[in-house]
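Please read it with the structure open beside you.

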Amino acid sequence: MTFTDDKLRGCLRVALGSTMGMLIAKITDSQMGVFFTVYPMLLLGMVPVFNRFVVLQFIGSSVLTSLEVMLLPGLLGHWPPVYTLVVFVLFLWRFYLMARGPLMLFGASGCVSLSIMLHFASYPQFHLADMAASNIAASCLSVAVAALLYGLLPNREPPVARALPEKSDNVLRHQALLGAIVATLSFVVFQMVDLVDSLSAQVATVLVLFPMSYAGAVVSGRARCIGTLLGCSAGLLFQLVLYDHYHNLLLLGLAFWICAMVFARLHAREAMPGIGFAGLTTVGILFGQYVSPEHDLVFSALYRMSSMTVAILVTLCCVYLVHKLLNLFPSTRHQIL
């Protein structure tokens with residue numbers, strides 16, 4: 001794919017925006033630095049335009065998800081079956097919005113943030129109010145950063161909007177149920193097993209569902225595995241370069257910007273989100289959530305290489321089984337993989 005001047009501007013927006021978010025998270029000592037680092041990547045790297053409708057979707061999804069996570073664990077945490085059913089309904093609604101198309105950003109960002117916060121909500125060291133506040137603050141910051149960068153680095157040519165494919169009711173039901181069932185299974189597994197350090201693996205189980213088909217999930221899973229391996233390798237390389245100076249914010253910010261710029265360029269050259277975006281989110285999680293003055297990212301990077309691969313393989317098996325199960329019923333049959 002031709003690398004145009006607008007694509008370069010897009011890469012600069014993604015790299016600068018995520019770096020600004022990461023540095024702000026470090027300066028404020030946020031417990032949820034992943035939000036401040038990854039949200040600008042989602043907003044600047046996944047959405048072809050930036051307008052009021054995009055802002056309303058992004059902020060609205062953040063506020064709604066924060067309210068849900070503030071209420072659900074306290075109200076239903078002691079009734080696991082009911083809690084799981086409600087989580088399934090929340091995922092089902094969001095995946096249905098994604099399948100329909102116009103509110104895809106609202107559904108996609110909601111799935112990611114809901115999955116992350118429900119995962120962390122089961123651990124006592126994470127406070128619900130702090131997570132909700134960080135989620136909303138990171139969303140508002142990402143919007144402000146995106147507006148600033150689009151003002152400083154605007155596109156020279158208007159972006160071409162993607163035409164939304166027409167889908168039958170059967171396909172909509174199939175895609176929504178496929179995503180919701182597998183995402184709920186992921187939620188149940190991460191509630192039952194102590195995997196507090198497996199954020200990359202947990203997020204990967206949701207992101208591979210975004211193509212909303214078995215064939216698409218296989219392609220997405222392969223790209224995410226490769227992108228994660230490359231992202232972890234890049235993080236380890238810069239950890240070796242920084243050595244014991246990773247607590248220096250200027251050096252850390254420069255290292256992260258270089259990583260983000262490399263993967264943003266790879267993402268810009270791909271027709272659909274793939275290896276480049278997987279690498280972006282990987283370095284975003286590594287630098288945003290796990291690097292601190294007391295901890296480097298060596299263990300986190302090595303651990304993510306194995307845990308994420310296993311999580312994706314298991315998720316793809318679940319996607320295949322759920323896809324076959326849904327095709328047994330005429331109302332949810334979707335023969336095209």
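The points below go from the basis of the model to the whole chain and then to single residues.

1. This is a predicted model, in which local features need pLDDT of at least 70 and side-chain atom pairs count only at pLDDT 80 or more, while totals for chains, interfaces and linings use all residues. Residues are numbered from 1 along each chain as its sequence is written, and side-chain values use heavy atoms, with hydrogens and water left out.

2. The secondary structure of the protein chain consists of 12 helices and 0 strands, where helices (H or I, at least four residues) and strands (E, at least two) are DSSP runs numbered from the N terminus. Read along the sequence, the pattern is therefore α-α-α-α-α-α-α-α-α-α-α-α. With a radius of gyration of 19 Å, close to the 20 Å that the globule rule gives for 337 residues, the protein chain is as compact as a globular protein of that length; the radius is taken over C-alpha atoms, and the rule is 2.2 Å times the number of residues to the power 0.38. The C-alpha trace spans about 55 × 50 × 35 Å along its principal axes.

3. Of the 337 residues in the protein chain, 53% are buried, on a scale where buried means under 20% relative accessible area, exposed over 50%, and partly exposed in between (1.4 Å probe, protein chains only). Among contacts between residues at least 6 apart in sequence, 79% join residues at least 24 apart, a contact being heavy atoms within 4.5 Å.

4. The protein chain exposes about 15,200 Å², and carbon and sulfur atoms supply 71% of this area; accessible areas come from the Shrake-Rupley method with a 1.4 Å probe, and for residues only the protein chains shown count as cover. The mean positions of the 18 positive and 14 negative charges are 12 Å apart, with Lys and Arg counted as positive, Asp and Glu as negative, and His and the chain ends not counted. The place of a charge is taken as NZ of Lys, CZ of Arg, CG of Asp or CD of Glu.

5. N135 sits in helix α6 (residues 128–152) and is buried, at 0% relative accessibility. Leaving aside its neighbours within four places in sequence, N135 is in contact with F35, Y39, S62, T65, S66, S113 and M117.

6. M104 belongs to helix α5 (residues 104–121) and is partly exposed, at 38% relative accessibility. Leaving aside neighbours within four places in sequence, M104 is in contact with Q57, L97 and M98. H174 is 70 residues from M104 along the chain, and their C-alpha atoms are separated by 16 Å.

7. Most residues other than glycine have a negative phi. D29, although not a glycine, has a positive phi of about 55°; D29 lies in the loop between α1 (5–27) and α2 (33–45) and is exposed, with a relative accessible area of 68%. M212, also not a glycine, has a positive phi of about 65°; M212 is in the loop between α8 (199–207) and α9 (214–242), but is buried, with a relative accessible area of 5%.

8. P165 is found in the loop between α6 and α7 (169–192) and counts as exposed, at 57% relative accessibility. The C-alpha atoms of P165 and R100 are separated by 9.0 Å, although the two residues are 65 apart along the chain.
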